[in-house]
Amino acid sequence: MTTTNAPTGKLERRDLLASFWRYFWSFQISWNYERMQALGFAYAMEPVLRKLFPNDADYEAALERHLVFFNTNPVVGAPLIIGSAIAMEEAGAPASAEGVKIALMGPLAGVGDTIIWALYNSIIFTIGASLALQQNVLGPIFVIVFVAIPYTVARYWQFMWAYSQGRSLATSLASGALERVTEGATILGLIVIGGFIPSIVHIVTTFDYQQTLTVTGPTGTQQVTNKVPVQTQLDAILPFMLPVLLTALVYWLLKRYNLNPLWAIAVVFVFGIIVGWLGWFAPALPVVAAK
Amino acid sequence: MVTAILLTIWAIICIFDILGPTVIMGFRPLIAGTGAGLIVGDLNLGMAVGATLELTALGVYTYGGATIPDYQTGAIIGTALAAAGAGDFAAKTATGLAIGLPAAVLLASLDPIGRFLPTFWIHRADGYAAEGNSGGLSLMHWTAFIPWAAVRAIPTFLAALAGSTATVQNLQNAIPKGFVDGMTLVGAILPAVGFAMLLKIMPVGRYWYMLLIGFVLFAYLKVPLLGIALFGLAIAFLFETLRPRTAVGSAPPPTPASPVSGEAV
């Protein structure tokens with residue numbers, strides 16, 4: 001594809017915006033197993049390519065080279081890569097455009113999935129869901145505001161920044177800044193998840209056992225039989241032991257056997273129904289009146 | 001009938017949002033359920049069903065195109081059927097969860113169909129690209145959304161249509177108490193899967209002690225989650241500030257053994 005003629009058109013802001021809005025409104029609607037976001041990518045590039053290549057043969061070749069497999073995070077990653085691919089096509093370096101797509105889609109998918117889905121959304125939605133459970137309509141509104149505005153701003157900024165960086169984008173990203181941001185977000189994410197697990201996963205055991213004590217009091221020696229909840233013993237060893245063990249078990253299944261998440265959900269689902277129905281485990285111990 | 005049609009349109013908006021504009025996160029159960037609540041005229045019920053499902057789905061996102069439970073349709077159907085049911089608010093919410101959660105898991109089997117069928121569209125698009133037909137390319141892109149929408153719209157429509165008051169009340173009576181207890185426990189432990197999925201994509205082996213920090217802050221020191229997040233932010237900045245720059249990046253630090261490595265990049 002490097003034999004393509006150099007682009008003859010010149011891009012204006014209008015062309016960039018046409019591409020951005022195509023990406024914004026519909027980037028993943030044609031997602032499929034075979035090439036994932038390929039058609040969305042080509043669709044977003046199309047107005048720019050038409051402008052750059054008035055010659056039909058060059059234009060067709062350009063469309064075809066952007067219909068290859070592509071997949072990354074749609075919010076953090078895709079706009080950056082589209083912006084930079086536009087800059088490289090404009091500079092007459094289609095091979096660089098392909099290179100940047102291949103080089104960045106994997107790492108940016110990792111960054112985007114971690115920062116946007118795992119970290120940011122989990123925090124926003126936990127707050128929103130807590131408010132909604134108190135029948136406060138601000139819960140869903142809070143979530144929408146904290147999704148719509150930051151996402152849109154971040155997407156627009158990435159797109160335009162990557163375009164203006166052009167060829168120096170690779171240098172900017174390779175300077176280690178991207179890795180530092182990712183590492184930092186990962187550290188923050190792990191600390192938050194460490195706190196989320198005991199606060200959101202709820203499971204206690206309802207088992208108890210009989211404990212017979214010989215008590216010597218002023219009225220003489222007598223046998224006292226107490227019901228001791230097993231959960232109290234577990235709490236004494238490690239608070240929130242069962243939620244931690246359960247999460248660790250699921251993590252191990254996912255990691256060790258590469259279990260499909262759907263199966264993991266099904267397993268936990270069936271387990272929960274059975275032990276909950278039998279009454280062995282519950283989300284929380286019933287509140288027992290003191291003494 | 002009108003309600004069923006409105007719920008179907010809402011289902012299509014929700015899935016369109018996450019594939020395109022991503023301004024409301026409609027495919028998340030909190031949002032899908034709230035919208036369904038507005039449509040059936042019981043906003044609080046929609047929020048309660050959606051929020052309960054949301055907490056079971058935290059961190060459960062599509063990573064690299066993997067199929068996850070269809071919480072969106074689960075929340076919409078659960079809310080719609082619970083609204084037709086009997087009982088007080090708590091009983092209706094329990095019904096919504098008891099219907100919505102299994103529905104989300106079962107309907108996940110349709111998601112791969114919606115992800116597979118657009119493959120035919122992209123082959124047509126190849127042809128249009130070779131001809132330089134931008135109209136054809138755009139048409140393929142937009143119509144490839146049909147399978148995505150259909151696998152969510154059709155079950156939503158059918159369930160909403162079938163969910164008359166009598167049907168739902170019979171269903172409610174048929175649900176044993178043990179099942180409700182089990183479902184409540186399922187709702188409380190499913191977040192474990194979400195967190196495990198998150199951990200799978202993170203370098204736990206290298207930074208396992210960060211998890212420990214968060215755990216200790218919550219379990220022993222009773223710090224609220226926002227406090228944990230702020231503390232985490234500080235640690236992250238500290239960590240990245242103190243890290244020597246040469247340790248970052250895939251390029252090995254220059255060694256005296258290789259004379260050419262001194263060149264600045």
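How many of the residues of α4(B) are buried?

## Basis of the model

This is a predicted model, in which local features need pLDDT of at least 70, side-chain atom pairs count only at pLDDT 80 or more, and totals for chains, interfaces and linings use all residues. Residues are numbered from 1 along each chain as its sequence is written, chains are lettered from A in the order in which they are written, and side-chain values use heavy atoms, without hydrogens and water.

## A covered helix in chain B

In α4(B), 13 of the 14 residues are buried, that is, under 20% relative accessible area with a 1.4 Å probe, protein chains only. The helix (a DSSP run of H or I, at least four residues) covers residues 71-84 of chain B. From first C-alpha to last, α4(B) reaches 20 Å, close to the 20 Å expected at 1.5 Å a residue; the expected span is 1.5 Å times one less than the number of residues.

## A hairpin in chain A

Strands (DSSP runs of E, at least two residues) β2(A), residues 208-217, and β3(A), residues 220-229, pair in the antiparallel sense over ten bridges. Pairing requires at least two DSSP bridges. Two residues lie between the strands of this hairpin. Q211(A) has N226(A) in β3(A) as its bridge partner.

## Where the chains meet

Chain B brings 109 residues to the contact and chain A brings 101, with contact meaning heavy atoms within 4.5 Å. About 9,300 Å² is buried between the chains, 76% of it from carbon and sulfur atoms; this is the accessible area (1.4 Å probe) lost on putting the two parts together, summed over both.

Two salt bridges cross the interface, each a side-chain nitrogen of Lys or Arg within 4 Å of a carboxyl oxygen of Asp or Glu. D126(B) forms a salt bridge with R35(A), the closest N and O atoms being 2.6 Å apart.

Methods: Buried < 20%, exposed > 50% of the residue type's maximum accessible area, 1.4 Å probe, protein only.
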